[in-house]
Amino acid sequence: MEIGPILRALSRNKLGVILISLQIAFTMTVMVNAVFIINERSKLMARPSGLDEPNTFYLSSTGFGDQFNSQVTERDDLELLRNTPGVIDATPTNAIPISGSGSSDGLRIENDPTLPATPAAVYFTDEHSVNTMNLTLIAGENFSASDMTYQSSNERRYYRKAIVTLALAEKLFPEEGLAAVGKSFYRDQAPVQIVGIVERLQAPWPNSFFVEQAMLVPLNFTDATSTYLIRTEPGQRDRLMVEIEETLAGNNPDRIIRGLKSLQETREESYRLDSSMATILLVVIVTLVFITSMGIVGLAVFGINRRRKQIGTRRALGATQLQILRYFMLENFFVSGVGVSIGAVLTIAFSIALSSLFEMPTMDWYYTPIGMLLLIAIGQIAVLGPSARAAQIQPAIATRSI
Amino acid sequence: MLEMKNVRKVFRTDMVETCALDEFSLTVDQGEFVTITGPSGCGKTTFLNIAGLLETHTSGQYLLDGVDVSQLRDYARAKLRNQKIGFIFQSFNLMPDLNLFDNIDVPLRYRGMKSAERKERVDKALDSVGLFARKKHVPAQLSGGQQQRVAIARALVGEPLFLLADEPTGNLDSNTAKGVMALLEEINDSGTTIIMVTHDQSLAEQSKRNIHILDGRISNNTEQTQQKAAAAA
Ligand SMILES: Nc1ncnc2c1ncn2[C@@H]1O[C@H](COP(=O)(O)OP(=O)(O)OP(=O)(O)O)[C@@H](O)[C@H]1O
Ligand SMILES: [Mg+2]
């Protein structure tokens, strides 16, 4: 091995080493932090809403005119929907998970408005919601039809029962776990009993800090607009979306059907910013890595062309092709080593700055060493071609060229 | 020790075929000092490159130290160069980024020698060319004659079977050249075989044996008597 001479020769070309290693350091900093951000974003995007998303869609019915009776229409619609072949279940709701809009309430375990409240998303719905949303009831029981109350959305809301998510139950009653069933909390100074706990159901706001705290409430609004959430058998969704929209629009002249959308579309729209940010970051990473590899290749080719006679002389003095190849691989390894060492410091500093500026979680420790190894590997791959060509230089160069 | 029989070297490019060596037969024995002369383009460097395993010959037989090298692969040729041959070039061919010690160390590292032995040998070689005190200097800090001395030390440090020199004094003024020649003669006196290409007729006349090449063939192969050589000096 020629570690000593390579290092001493490099130390005579400090400027070139510094420039390329700074480029490597910069690439590593951006790459590692961007990968971390992408990973964090995709972790957020991968959280389940709790619903059977591929087989669920929704639409709204808005009535008009004096003749229109919202409660009757809704009852008829739901009966029709639930009896449509291919539909598993349907439920009225005021809000759609992941959609970005909905209602929330502040909950307290004691009837004292001065105490801090626990926020929770509220889905005003009926006893079919657990089945329609494909939720897993892990304690307590579902609502029954007799639990339902009806009122205008403009009145002061009044409900006595709720099915809460496990996350919400644990937030309200940290000690109790599933035993929170049967307990009551207060909202708007009125007691509400927890009748059931579901494993999970996300609030409508994906970026909310209380996204896992949600509850179902057996209350339905008598307003002119009703939204129905519909779950179908696998593979039936697209067909039923078309058919149901047509049927509902045709069977009642006093209303219009709007807002037909699948939950998958809703998810795509809500996370569009996140996914396009991930795409942009990915493009940035690929571009930077490409430019840096080109820089490494360029520097290697330049260095090799400049030293053709030196390489020929080394061959004349007895270097094997492998020894020439190894020389340039090692040279790149040391330059990359300087680069990733500076890069490690920059990466960590940058990630600390990011997490304190944007309230992001701090980067896991293993990102930096993996980034270092990756950039060294990229450098070695980049320099492999030029080094192999250097190894092909003929020893006769030593005597033939001046 | 070096035995060529009917060696032929043809360079093929897209358009032309150049026959650089033809029916070239030559034997060089242990301890000889052979000079090679001839007009430019006659094939001197080609001969040296083939003798030094820098280039392969097209046909004929070449025995190096009794071994037929015609069929050897690149790796084996590199190992033979490293162990049996020392090269001295017209333009010295030192590594500009390495100090003198590291320059002379290069062939020993390729041999995979242990660091302690390398150090001992390099120091001795530096000392033998009178440049021990400057071992931390880089070539650019040395005169041409000194650089060629370093190159000679590098060629000798591996204790090769023979030295091949292509116009070693071609880039030096006549006084410096004399010094380098004296050093080479000293090396030859202590037993190392030397084959040297030169344009300098007087140097050729001084040597024990002169080979004159014309158009890739040996035109004259003279064993000069010691007296004649001495008289010429
Ligand atoms: N790589 C090559 N490709 C084609 N022809 C070559 C090549 N190398 C040498 N030759 C030709 O071979 C012939 C011998 O060249 P060589 O270099 O051996 O001459 P030389 O005697 O060393 O000359 P000089 O005294 O000028 O150094 C020349 O005609 C030269 O042009
Ligand atoms: Mg020549």
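**Ligand 1 and its shell**

Okay, so β2 (17-28) and α1 (44-51) of chain B each put at least two residues into the shell around ligand 1; helices (H or I, at least four residues) and strands (E, at least two) are DSSP runs, numbered from the N terminus. This is a predicted model, where local features need pLDDT of at least 70 and side-chain atom pairs pLDDT 80 or more, while totals for chains, interfaces and linings use all residues. Residues are numbered from 1 along each chain as its sequence is written, chains are lettered from A and ligands numbered from 1 in the order written, and side-chain values use heavy atoms, with hydrogens and water left out.

Which element gives the most to that shell? That's α1(B), with three residues.

Ligand 1 lies between chains A and B. Around it you'll find R400(A), plus chain B residues including F11(B), K44(B) and H199(B); near here is a heavy atom within 4 Å.

Now the polar contacts, meaning pairs of N or O atoms within 3.5 Å. A polar side-chain atom of R400(A) lies 2.5 Å from an oxygen atom of ligand 1. From chain B, the T46(B) side chain has an N or O atom 2.5 Å from a ligand oxygen, and a polar backbone atom of G41(B) is 2.8 Å from one. On its own, ligand 1 has 630 Å² of accessible area, and the protein covers 66% of that (Shrake-Rupley, 1.4 Å probe).

Last up, chain A: the domain assignment, automatic or from a database, gives domain 1 (3-46 + 272-399) and domain 2 (69-253). Their centres, taken over C-alpha atoms, are 54 Å apart.

Note on methods:
A polar contact is a pair of N or O atoms within 3.5 Å; within protein, one must be able to donate a hydrogen and the other to accept it, and residues adjacent in sequence count only if both atoms are side-chain atoms.
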